[in-house]
Amino acid sequence: MAFSENLIRERRARNLSQEKLAELVGVSRQTVSQWENGYTEPDLTRLRRLAELFDLSLDELVEGPRPAKEEAAQEEPVGPWRWESVANSGVRTLAFEYRSRRTLFGLPLVHIHLGCGRSVATGILAIGNVARGAVAIGGVSAGLIAVGGVSAGLLFSLGGLAVGFLALGGLAVGYLALGGLAVGIYAMGGAAIAANVAAGGAAVGPIAIGDAAIGEVPFDVHRAYPEGAVREAILQRFPGTLPLLADLFEALL
């Protein structure tokens, strides 16, 4: 494709008149007209200026867009699918990203970014290898509500390693923690360590409930206690405890 045809196509694609393009390049309208009619061609300085304006390389400006590669594996996918390079590996892998146009507090309502490597997603609802948002779901996630391999949630967290007000996970740390190993103000798990009440196979806390209970007020799950004994002990020892929490621990005995 001739340079003149490329110039006409790119100018019209940007809704530029010959006069406006001439002004941007620093020549007369007649000069632009001569270029487009193929009578003359710009010098190297003008070519570089045109390439800069059209965001093209000099080759693309003079010779036109390169033809698409025949190999399907090399074709760039359309829409939310695209190729991404994995950092420091030289490997390109297929990734998916969707970002909603609507925003709230400057964040997209939905941001999904999945692929190899870091693949960070940030939004009100964020889903990605690394996710940050009001609701975050990912390998590593942080937000008000977080779900992932490693998750940190201000209100709720679910993951292999979970940290949050209410945390559920293999290792859970929170105000109320439930997990294989649970650490918190109130903790339930295979092994539970708590500042107030702990319940589990092995429980350590001021009030401890379990097979092996260590605390100021221990409850052995294999022994019989009066109905409501655990609930009463919790509310007397820690009067600020929600009755619902006390009922939950009572049900474990």
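Before comparing two helices I noted how axes work: they are lines fitted to C-alpha atoms, for helices over the stretch in contact, and the angles run from 0 to 180 degrees between N-to-C directions. I also noted that helices (H or I, at least four residues) and strands (E, at least two) are DSSP runs, numbered from the N terminus.

I kept in mind that this is a predicted model, where local features need pLDDT of at least 70, side-chain atom pairs count only at pLDDT 80 or more, and totals for chains, interfaces and linings use all residues. Residues are numbered from 1 along each chain as its sequence is written, and side-chain values use heavy atoms, with hydrogens and water left out.

**Entry 1: two helices**

I looked up helix H6 (residues 229-237) and helix H7 (residues 243-252), and found that their axes come within 8 Å and cross at roughly 140 degrees. That makes H6 oblique to H7, because angles under 35 degrees count as roughly parallel, over 145 as roughly antiparallel, 65 to 115 as roughly perpendicular and the rest as oblique. I wrote down the crossing of H6 and H7 as right-handed.

**Entry 2: salt bridges**

Next I looked for salt bridges, each being a side-chain nitrogen of Lys or Arg within 4 Å of a carboxyl oxygen of Asp or Glu. By this rule I get nine salt bridges.

Arg 231 is partly exposed at 30%, and Asp 247 is partly exposed at 36%. I also found a network in which salt bridges that share partners join Arg 9, Glu 10 and Arg 14.

Then I checked Lys 20 and Glu 23, whose side chains meet in a salt bridge at 3.8 Å, N to O. They sit three residues apart in helix H2 (residues 18-25), so about one helical turn separates them. Lys 20 is partly exposed at 36%, whereas Glu 23 is exposed at 57%.

Is Glu 97 buried or exposed? I found Glu 97 buried, at 16% relative accessibility. Its salt-bridge partner is Arg 99, with the closest N and O atoms 3.3 Å apart, and Arg 99 is partly exposed at 48%.

**Entry 3: positive phi**

Most residues other than glycine have a negative phi. Asn 15 lies in the loop between helix H1 (3-13) and H2, and is exposed at 73%. Phe 105 also has a positive phi, near 55 degrees. I located Phe 105 in the loop between strand S3 (103-104) and strand S4 (107-108), where Phe 105 is exposed at 76%.

**Entry 4: strand S6**

Last, I looked at Arg 132, which is found in strand S6 and is partly exposed at 42%. The C-alpha atoms of Arg 132 and Ala 121 are separated by 6.2 Å, although the two are eleven residues apart along the chain.

Note on methods. Left-handed = near helix turned anticlockwise from the far one by under 90°. Buried < 20%, exposed > 50% of the residue type's maximum accessible area, 1.4 Å probe, protein only.
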